[in-house]
Amino acid sequence: MVAQILSADSLAMWASFAVIAIAIVLFATELVSLELVALGAIVVLMAIGLLAPEAGLEAEELLSGFSNPSLLTILALLVIGQALFQTDALGSLTKTFERLWPRHPQRVIPIVLIIAGVASAFINNTPVVVMFIPLLTAVAARRKLPTPKIMMPLSFISILGGMTTLIGSSTNLLAAGIAVGAGVKGLDFFAFTVPGSVMALVGGVYVLFVMPKLLPSAVNADGQEVQQRNLQFISEIRLYDSHPLVGEKTVAGMFPKITTMTVRAVIRGYHRYLPPFDDITLRTGDVLILAATREKLTDALKQWRAFDTPLKPGADEGTTDHGVVMCEALVQPGSRLINNGIDQRGFLAQHGCLILGVERRSRMPRESLSDIRLEAGDVLLIAGPADRINRMRGLQDIVVIEWSASELRPHRFAFRAQMVFLATVAAIATGFVPIVFAAIAGAFGMLATGCLNVRQATRAIDRRIILLVGSAIAMSGALEATGGAQLLADWAVGGLGNVTPSLVMAIIFIIVAILTNVLSNNATAVLFTPIAISTAQSLGVDPLPFVVAVILGANASFASPIGYQTNLLVMGPGHYRFKHYFIAGVPLILLVWITFSIVAPWYYGV
């Protein structure tokens, strides 16, 4: 045994084990950036392959993860989701959910998650997550709900739902196919529905009510927790013919269609009406002075189709990109704008942009923007074409705040985005074409129809996901090529001894659950299904419950983003780090393991 361990052929295997162990520790502790760890793991594995050519660690195989269809599928789906969010394509559906509980909008999230979990039992859970990510993103954005507390629960509850039927996930079908080929009987559609449903129910309670407390409230692109900004801008809206607010009447001193913003004044000619408003009907030409957060003001302007046409007719001729960039700019001390009102026409003519509002922390004026005398420290909310915003970065009178820039697409692209999205989901759900083809075609459709520009599409692609998937596939391939994966499996079941079959099932489940978060779940299922069958035969019992232990254990991919592709899908929208999956996922793995260990032996009579 010692000679085998120290043989030249096995040195590459133990070196691969060391690389994987160090990488996992660094991923979890974040002592080094994820990107550096991922690249470093690949470089070291390639070096091992050069020093030990007989190990089979070819550079082409180690780098194959970057062209893996699963990775390309995830990146394409992120682009599609970004297009849906930018065009507000799910706005009407989001409002439908909002109207269900207008006073308690947070109740919408658990209902949507439960629907996603139930749907995952009958549809592969990957397209279910694809459908619900943009919907939950829109609901969270409208109601100021923290996205990090929503996205990971969506992935986890869809995985739990996929545990209940044979078609819930690709892992189920793969392991079942191997088992049936080996002669295992009884693996029908509902073979593990009872234990899977109990696990999904117990896990669902944790996901809905406990897990959100373990996740950050708000994180930035680097995964660091940040505080929400709720400062308000003073803005003015002039009502034109056919504006949605024309004809709006006051009820109890307020305007029913303007509930998310505060109406500071209504200016009609030389008259100024102040709240509470008594028996006023809005007319064409009225000017509304509003106080609202940036998000609420943006939502209202999109609803009123303020961004559907270019800001300046004839500007930027020859371009087909009519997207609008919104940013914030600080008025510097010594600026020529200080003590002057806002000259919209002059600002538009000079810079090609509009000033939508002014943020002032000292007081909330009721004047129109042209009458507000700017002060040093005021923050302007500016909207304009991307190239015009870039030109403003060199101005001395104002400082464009870099992190504040966000891009908006005209609302008229929403229908196009909806059609592309529905076609993509239908192709994935029906299996008419491979999922990678449907996803890439959908991303191309979003770009070709103008729902998204190339710049926005590239921003939707998370480099962490690319490097994480590439390194994970390289590490998994290294274990398989050097024999490390088979050695782990042999050791795992070889030391069971003369224990009861029910305990053997529980041990197989937890071993598979641990390894599925390091290797891919499909690879783990393929590796352990034959081992589970042979173990059951040696114990003289029915192999079906042992195969079920492998299937359900391989689905318990909650502790890392590389465990399952739905975890990777929500990593970008939720701005998660590796540690977030570990903190929230490990308790869930233990919970479903305990549940399985109690329910499965009783149900199968083992």
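Modeller: Cysteine 451 counts as buried, because its relative accessibility is 0%; buried means under 20% relative accessible area, exposed over 50%, and partly exposed in between (1.4 Å probe, protein chains only). This is a predicted model, in which local features need pLDDT of at least 70 and side-chain atom pairs count only at pLDDT 80 or more, while totals for chains, interfaces and linings use all residues. Residues are numbered from 1 along each chain as its sequence is written, and side-chain values use heavy atoms, with hydrogens and water left out.

Cysteine 327 is likewise counted as buried, because its relative accessibility is 1%. The number of disulfides (pairs of cysteine sulfur atoms within 2.5 Å) is zero. For cysteine 327, the nearest cysteine sulfur belongs to cysteine 353 and is 7.2 Å away.

Of the 606 residues of the protein, 52% are buried. The largest nonpolar core comprises 139 residues, where a core is a set of buried Ala, Val, Leu, Ile, Met, Phe, Trp, Tyr and Cys residues joined through side-chain atoms within 4.5 Å. Helix H5 (residues 69–87) gives the largest share of this core, ten residues; helices (H or I, at least four residues) and strands (E, at least two) are DSSP runs, numbered from the N terminus. The protein has 24 helices and nine strands.

The residues with the most contacts inside this core are Phe27, Leu187, Met446, Phe558 and Phe596. Setting aside residues up to four places away in sequence, the neighbours that phenylalanine 558 touches include Phe156, Ile159, Leu160 and Met163, as well as Tyr581, Leu588 and Val592; contact means heavy atoms within 4.5 Å.

Helix H9 (residues 148–162) holds serine 158. This serine is counted as buried because its relative accessibility is 0%. Beyond residues up to four places away in sequence, serine 158 touches Ser120, Asn125, Val129 and Thr566. Across the protein, 79% of the contacts between residues at least 6 apart in sequence join residues at least 24 apart.

For contrast, the surface. The protein exposes about 26700 Å² (Shrake-Rupley method, 1.4 Å probe), of which carbon and sulfur atoms supply 62%. Valine 210, in helix H11, counts as partly exposed because its relative accessibility is 38%.
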